[in-house]
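The sequence and model come first.

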Amino acid sequence: GVVALGGGAVMNASTSALLGEQCVIWLRVNVSDAVNRVGMNTARPLLLGNVRGQLKSLMEERTPTYEAVSTYIVDTSGKSLKVVADEVAALVGGHESD
């Protein structure tokens with residue numbers, strides 16, 4: 001199965017511990033692409049005000065934890081959905097045969 005977590009979920013210690021038992025693929029994105037994706041979304045209270053600055057700060061804070069729980073990292077910056085999906089499928093397929 002696939003579970004897509006919100007960006008802050010992994011910051012919870014019990015969630016991170018549970019993820020340690022799973023194949024986790026972090027879909028990493030650069031700040032510019034992240035800003036383009038969320039736009040000026042007012043439904044995201046953590047991003048109110050300076051969206052770019054808030055995203056950069058959150059990404060810097062969360063990156064070490066994301067890296068620690070990730071089995072694989074796929075850089076999604078500038079890539080189409082199909083390219084990212086193909087990369088994930090190849091990783092998951094290889095992981096299942098281990």
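**Salt bridges and exposure**

Asp 86 is partly exposed, at 43% relative accessibility (buried means under 20% relative accessible area, exposed over 50%, partly exposed in between, with a 1.4 Å probe and protein chains only). The model is predicted: local features need pLDDT of at least 70, side-chain atom pairs count only at pLDDT 80 or more, and totals for chains, interfaces and linings use all residues. Residues are numbered from 1 along each chain as its sequence is written, and side-chain values use heavy atoms, with hydrogens and water left out.

Count
- The structure has 3 salt bridges, a salt bridge being a side-chain nitrogen of Lys or Arg within 4 Å of a carboxyl oxygen of Asp or Glu.

Helix H4
- Asp 86 pairs with Lys 82 in a salt bridge, at 2.8 Å from N to O.
- Lys 82 and Asp 86 are 4 residues apart in helix H4 (residues 81-96), or about one helical turn; helices (H or I, at least four residues) are DSSP runs, numbered from the N terminus.
- Lys 82 is exposed, its relative accessible area being 55%.

Helix H3
- Lys 56 and Glu 60 form a salt bridge, with 2.6 Å between the closest N and O atoms.
- Both residues, Glu 60 and Lys 56, belong to helix H3 (residues 51-69), where 4 residues, about one turn of the helix, separate them.
- Lys 56 is partly exposed, at 44% relative accessibility.

Lys 79 and Glu 87
- A salt bridge joins the side chains of Lys 79 and Glu 87, at 2.8 Å from N to O.
- Lys 79 has a relative accessible area of 32% and is partly exposed.
- Glu 87 is partly exposed, at 28%.

Note on methods. Helix = DSSP H or I, 4+ residues; strand = E, 2+ residues; numbered from the N terminus.
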